[in-house]
Amino acid sequence: MPVHIWVRAETKHQEHRTALTPNAAKQLVDAGFTVSVERCTERIFNDADYEGTGVTMVPHGTWRTAPADAYILGLKELPENDDSALPHAHIMFAHCFKGQAGWREVLDRFKRGNGTLLDLEFLVDERGRRVAAFGYHAGYAGSAVGLDLWCHKILNGEEPVFPAINHFNNDQDLIKYIKARLELAVAKFGRLPRVMVMGALGRCGGGAGDFARDAGIPTENIIQWDLAETKAGGPFAEILEHDIFVNCIYLSTPIPPFVTLEMCKSVEKARGLSVLVDVSCDATNPHNPIPVYYGATTFVDPVIRVDCAPAPRLDVVAIDHLPSLLPRESSEAFCKDLLPSLLALKNRADSQVWGKAEQLFHAKVDEAKL
């Protein structure tokens, strides 16, 4: 029997990316896979883009009725307010393997249904490197949103609230928009912002630095920190000296915090930092290195306003699907990297990538003591 991949429609608000582009879907079909794609009006690729690729288009949200042996492929979490058992093998970002809020409840659904979670975040090759990630575009988009928010604060003061964010069709449109915003803000403020990127040598940090440069921020205004600069352990007062801080680290083990709320509240020295973009979005992780806020923001409500009295307020962006700001390009890059592993599902028992993912799932179920 051919391997069956069922692409579910994303239900997270303003999630326009897809786990399988039309081009990648065609390559799977050509390789002998059966591919079902749920219809979706929010996806950056229209349903018509999949016509002629050999896939079967199926109604929105019907993955629960998929054949028992189908792999349910998606990106973000499953629909909310549903704790039903999950009998399928799901390939997605579940955000439950690092002790995040509600992690036991997610894993319990798989245990009750005898299903399997093959988490996209933990698909790694023989060197332990992730086979596919949205990290570059997450950093790229995070830097863009941070610059946009800084411009908003310069041009409008603390009020009104930063408005909802819409996605862009391509990176050139985004760059053009931010450059225009910066021109207005600099004319009022007198200089370009200083941007600090934590985790600058990784894919995510590389994306953050690249966008800042694309938007016209000079190299001397982009401060890039990584392991060498942080090996002594935080917190780091230097973070407060910059206008925008973009956190791009991938947290796998407990570390001292980079910055604390007490530091942000201090008035001993004027704080330069007014915008914090936490691309990693590990606020519900007990080892979060940015413990100045809790929760997440969205494209509709992008900012958490942190009270730092008697110091000025700090605005935090913590959107957990930032690559959806550029959904077409980020989906294409991700699918290109993921495709070899999807093709390896034909011989899943022989695949180290899928074998490690399944072992991790069972280990986390045992850890949860369900």
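## Two side chains that meet

Let's start with a pair: the side chains of His 95 and Lys 76 are joined by a polar contact of 3.0 Å (a pair of N or O atoms within 3.5 Å, where, within protein, one must be able to donate a hydrogen and the other to accept it, and residues adjacent in sequence count only if both atoms are side-chain atoms). This is a predicted model, in which local features need pLDDT of at least 70 and side-chain atom pairs count only at pLDDT 80 or more, while totals for chains, interfaces and linings use all residues. Residues are numbered from 1 along each chain as its sequence is written, and side-chain values use heavy atoms, with hydrogens and water left out.

## The listed site

An unreviewed UniProt entry lists Lys 76 and His 95 under "active site"; such annotations may be inferred rather than shown by experiment. They span 20 residues in sequence, yet no two of their C-alpha atoms are more than 8.7 Å apart, so they gather at one spot.

Lys 76 sits in the loop between β4 (71-73) and β5 (89-92), where strands are DSSP runs of E, at least two residues, and helices runs of H or I, at least four, numbered from the N terminus. Lys 76 is buried, at 3% relative accessibility, whereas His 95 is partly exposed at 24% (buried is under 20% relative accessible area, exposed over 50%, partly exposed in between, with a 1.4 Å probe and protein chains only).

## On to α3

His 95 lies in the loop between β5 and α3 (103-113). Buried residues in α3 include Trp 103, Leu 107 and Phe 110.
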